[in-house]
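Welcome, and thanks for taking a look at this one.

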Amino acid sequence: MPPRDPIAQLPTHEVTNMPPHMGDQDLWADDQVLRDWTAVHGAAHHSDHLARVGRLTGLDETFEKANQANRFGPELRAFDRNGMRINAVEFHPAYHDLMQLAISSQAHNFAWHNEADAGHVGQSVLTYMFCQPEGGVMCPMAMAYSVVPSLRTTPQIEAEWLPRILSTEYDRRDIPVTEKTGAMVGMFMTEKQGGSDVRANSTVAVPIGAKTGIGAEYHLTGHKFFCSAPMCDAFLVLANTEGAGISCFLVPRWRPDATRNNVHLQRIKDKLGNRSNASTEMEFQDTYGVMVGEEGRGIRTIIEMVTGNRLYCAMSSAGIMRQALVQALHHTSNRSAFQKRLIRQPLMQNVLADMAVEVEGALALGLRVARAMDQVDDPAEAALARIGTAVAKYWNCKRCPGLVVEALECHGGPGYVEESIMPRLYREAPLNSIWEGSGNIMGLDVLRAMTREPEAVTAFMDEVGKARGNDVCLDRAIDDLQKELDDRGNIEGRMRIVTEMMALTLQGALLTRHAPAAVAEAYCASRLAPRYRGAFGTLPKDCNLDDIIERALPANGAKV
């Protein structure tokens with residue numbers, strides 16, 4: 001934290017024209033856009049909880065703890081001082097403080113405490129706010145949130161583990177889960193030889209007794225190449241069973257007899273970003289596990305968890321973009337050049353307004369998918385959720401790095417030094433594009449939905465069709481998208497452009513229906529217009545930049 005009463009009068013010069021320390025933010029009350037879209041998607045009645053979390057998450061103290069947790073990263077302790085295997089990871093105290101804040105705020109289980117009551121929308125809002133100060137802590141939150149549908153495929157596992165996930169107490173102790181006040185569950189899928197192609201996995205599972213199939217006990221032997229949040233209490237793991245193929249297993253850190261399971265941590269990855277979160281390599285040697293879901297249907301079982309994680313990635317990217325925009329707005333509101341505040345400079349206004357439009361579009365897109373997940377009893381909404389998750393994950397994650405770079409550039413040199421949050425946001429920005437499927441995987445998932453579930457395309461086009469007549473550029477984009485979907489020539493090689501067109505069209509439809517005119521018109525006149533090339537700061541001349549920036553500014557920030 002900055003010292004109180006910093007000295008501006010130095011021996012050689014006086015410090016002037018430098019932005020003050022931002023201090024506390026209120027990630028709910030200061031974000032008009034977030035509050036509006038939360039209401040649009042039916043979660044306004046959760047405002048009291050979201051407001052409390054927004055205040056706590058935005059505190060300067062929270063941002064500083066995030067800084068410490070990333071500066072002093074996790075350390076592997078595979079053995080104790082006596083040479084005994086303990087497979088532990090030690091974290092800085094700030095990391096544990098952030099975990100406590102996230103878990104007590106239901107950042108990992110809000111959806112399941114509020115099923116059929118806009119729970120996934122509320123969950124997504126929490127993700128959007130929490131990922132602004134810190135993404136590493138949110139990795140275990142995302143997995144605990146997403147694991148529930150997979151656990152429900154096996155009643156005995158659900159009965160044992162769901163109550164622990166629904167706890168709002170953070171219990172950091174590495175002890176048998178039966179002695180803990182709460183638990184977290186992660187997932188380990190990828191191996192060295194396959195990566196996203198999990199059908200190439202070589203880990204094998206052998207039944208311990210005569211019983212096989214769902215709910216039976218197995219020993220697993222093999223490896224996993226990316227294992228994030230290894231201090232979770234259990235993990236969903238894919239392994240081959242003889243004659244059946246890939247199956248899914250719940251692997252706890254401790255066996256039922258209260259002895260340590262053979263979950264052998266090999267090393268912690270030295271990652272570009274997300275440094276507060278331990279990502280490890282792991283080996284299994286006769287490691288105890290219980291089959292979750294049907295034998296040989298492991299990918300189908302775990303894909304339920306993957307879907308939730310992909311929504312998390314879309315909302316996390318939107319949150320990172322929001323915080324990058326907030327930082328840029330603060331800097332440009334408090335610094336002058338050429339006798340004028342930066343925020344009043346015409347070209348800077350175009351950049352800031354363009355970024356604000358992007359953030360609002362990302363938020364609207366992610367929350368629309370979350371609302372569809374809240375209404376899966378409706379076949380059309382369920383279909384929209386299936387295809388929309390991949391679309392939102394692809395596009396939000398693709399746009400995030402470029403926006404963060406632009407926001408960093410708004411700061412000039414001060415944004416490039418580590419005292420600024422911008423380098424950490426910059427390092428975090430690419431992660432969500434990689435986690436739970438790269439851009440190519442998302443495009444192929446959209447294609448899979450188009451091929452296997454034509455009703456998903458119908459639901460998507462019906463949704464964007466609700467905005468027909470709102471804007472001429474949007475109407476043309478809807479027509480162009482339909483032509484692209486109807487043309488199956490070399491379709492696999494075109495799936496990035498198809499997915500991009502779907503994202504842009506849905507964002508345009510949502511904004512023209514629910515956003516202020518200034519935002520919707522700027523979006524359609526840029527993203528859906530023939531001349532658009534994607535660089536920020538290229539909004540057409542007739543856009544109402546002042547109104548767009550005013551809407552994006554924090555409530556306690558400077559005015560345009």
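This is a predicted model: local features need pLDDT of at least 70, side-chain atom pairs count only at pLDDT 80 or more; totals for chains, interfaces and linings use all residues.

Residues are numbered from 1 along each chain as its sequence is written, and side-chain values use heavy atoms, leaving out hydrogens and water.

**Aromatic pairs**
- A search of the whole structure gives seven aromatic pairs (rings of Phe, Tyr and Trp, the last by its six-membered ring, with centres within 6.5 Å; planes under 30 degrees apart are stacked, over 60 edge-to-face, the rest tilted).
- One of them joins Phe225 and Phe226 edge-to-face, at 5.5 Å centre to centre and 85 degrees between the planes.
- Tyr394 and Trp395 make a stacked pair, with 6.5 Å between centres and 20 degrees between planes.

**Burial of the rings**
- Tyr394 and Trp395 are both buried (under 20% relative accessible area; exposed is over 50%, partly exposed in between, with a 1.4 Å probe and protein chains only).
- Phe225 is partly exposed at 24%, and Phe226 is partly exposed at 43%.

**A lysine over two rings**
- Lys269 lies over the face of Phe225, 3.3 Å from the ring centre (the criterion is NZ of Lys or CZ of Arg within 6 Å of the ring centre and within 35 degrees of the ring normal).
- The charged end of Lys269 also sits over the ring of Phe226, 4.3 Å from its centre.

**Leu10**
- Leu10 is partly exposed, at 30% relative accessibility.
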